[in-house]
Amino acid sequence: MLEHAKERLCELQEHLREAKVDVALLTDESTIAYYAGFWGYLSVEFGRPTFLIVPADGDPTVVTPLMESEMVSAMTWIPDVRTWEDSGQNRWEHVLTGIFGTLPPRLGVEKTVLPGLVRNWLECASDKVQLLDVSPLIAKMRTVKSPFEIEIMKQAGRVAAAMMSAAQESLAEGVPEYESALAVINAGTRAAAEFLTAKGWEQFVSPMIHNLQIMQSGMDTSMVHRRASVKKLQAGDPVYFCFCNMAQFKQYKLGFDRMFNIAHVSDQATDVQQAAIDAQQAALGVVRPGVTAEAVAEAANEVYRDRGYSPSYRTGRSIGMAYLETPELKSGDTTELKAGMTFAVDGGISVDGQYGGRIGDSIVVTAEGFEYLTEYPREVVVIRS
């Protein structure tokens, strides 16, 4: 993992020189993991930024809270790890001032994810610094995954399949939603642990599957991002699981969604669910190198329109170390697909206050078409006792 991160940072420096950027000051967790090989567990939401400083020429530097520094030093390949403290003369602002002296005139940042407190400090520290958005060149680097990255994402897919299998097995009339969520967490954690060792860099990778399970049942399936509750499942309920904020391994995130039905399924629910499946399959049917992202979305939208539903805002999104990367499978995105791109490809319909139909898989684009990263039946499923 670390040798790949080091190679990527060297490539980033080449791009910085080409763009005439003096130094990049990076703060996004997924970006830091991509280039430095580590991530923290106390993020900027606590007012605790971590920085990766990448000069166009020269060695990079990590600046991290003191309490995180021992773990960071053990995880990263970068020797120069500086620390900051919450008060006194060693606050992060003072540490950055000590490193830079005077801020470089052309400073690269990821503008859309730059924390407000960091942006404010940069703007106040110098009226001569020009903040240049390096997000596009970083996004371009992350668009096509290496074979090493794809293999990790395949492992994440096997973890996700174990999670979905446990979800399905947990379902029965009278079972509360949270019990299914617990089954998902336990199965995913055990599956992830099988890919890990307690040696080297891997000893810092937690197998724990976490976050609030996105799950809805019954008439609530139109509430796309409702979380699992104490509600008990009833006969005739459709049940929706989304793992988009849970299916991840070694920082690589997948999209994965399925629906099930308790005891029996109505004709209306069947029609909605099958339309979502057909739309997803139509989109996947056109995936191959050279096809535009918007053409994939249009293939799904044709199915929605033919079935009497509104077109979807988005049929998919690029995935990797972040939940949302570029490009997106939506109208207006003319990016041509390339082998090695990875996407979450969805089929989704919401009939407000009535039913929802959803399915989602993660894929990698190949020279011939695509390969699934998530494997699980794609059909209307009824759970019978």
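Which residues does Ile-319 touch, not counting residues up to four places away in sequence? The first view answers this.

The model is predicted: local features need pLDDT of at least 70, side-chain atom pairs count only at pLDDT 80 or more, and totals for chains, interfaces and linings use all residues. Residues are numbered from 1 along each chain as its sequence is written, and side-chain values use heavy atoms, with hydrogens and water left out.

**View 1. Ile-319 and its contacts.** Ile-319 sits in the loop between β12 (316–318) and β13 (325–329). Strands here are DSSP runs of E with at least two residues, helices are runs of H or I with at least four, and both are numbered from the N terminus. Ile-319 touches Lys-145, Met-153, Lys-253, Leu-254, Gly-255, Glu-325, Thr-342, Phe-343, Ala-344 and Ser-362, leaving out residues up to four places away in sequence. Contact means heavy atoms within 4.5 Å. Ile-319 is buried, at 0% relative accessibility. Buried means under 20% relative accessible area, exposed means over 50%, and partly exposed lies in between (1.4 Å probe, protein chains only). Phe-343 is 24 residues from Ile-319 in sequence, yet their C-alpha atoms are 5.4 Å apart.

**View 2. Ile-152 in helix α7.** Helix α7 spans residues 147–170 and holds Ile-152. Ile-152 is buried, with 5% relative accessible area. Neighbours within four places in sequence aside, Ile-152 contacts Met-1, Phe-249, Lys-250 and Tyr-252. Tyr-252 is 100 residues away along the chain, with 7.3 Å between the C-alpha atoms of the pair.

View 3. Most residues other than glycine have a negative phi, and most peptide bonds are trans. Lys-250 has a positive phi of about 50° although it is not a glycine. Lys-250 lies in the loop between β9 (248–249) and β10 (252–253). Its relative accessible area is 11%, so Lys-250 is buried. Lys-20 also has a positive phi, near 60°. Lys-20 belongs to the loop between α1 (2–18) and β1 (23–26). Lys-20 is exposed, at 61% relative accessibility. The peptide bond from Thr-326 to Pro-327 is cis, with omega near 5°. Pro-327 lies in strand β13.

**View 4. Gln-280 and the pair Asp-361 with Arg-378.** Gln-280 lies in helix α9. At 0% relative accessibility, Gln-280 is buried. Apart from neighbours within four places in sequence, Gln-280 contacts Val-345, Asp-346, Gly-347, Ile-359, Gly-360, Asp-361 and Arg-378. Asp-361 and Arg-378 form a salt bridge, with their closest N and O atoms 3.0 Å apart. A salt bridge is a side-chain nitrogen of Lys or Arg within 4 Å of a carboxyl oxygen of Asp or Glu. Asp-361 lies in strand β15 and Arg-378 in the loop between β16 (370–372) and β17 (382–383), so the pair ties together parts 17 residues apart in sequence. Asp-361 is buried, at 0% relative accessibility. Arg-378 is partly exposed, at 22% relative accessible area.

**View 5. Other salt bridges.** A search of the whole structure finds 20 salt bridges. Arg-305 and Glu-298 meet in one of them, at 2.3 Å from N to O. Arg-305 is partly exposed, with 41% relative accessible area. Glu-298 is partly exposed too, with 31%. Lys-330 pairs with Glu-328 at 3.4 Å, N to O. Glu-328 is buried, with a relative accessible area of 14%.

View 6. A search of the whole structure finds one cavity of 30 Å³ or more. A cavity is a set of points, on a 1 Å grid over the protein atoms alone, where a 1.4 Å probe fits but cannot get out; lining residues have an atom within 4 Å of a point.

Definitions and conventions: 1 Å grid on protein atoms, 1.4 Å probe; cavity = no way out; pocket = protein on both sides within 12 Å on 5 of 7 lines; lining within 4 Å. Points joined across faces, edges and corners; volume = space filled by probe spheres on them.
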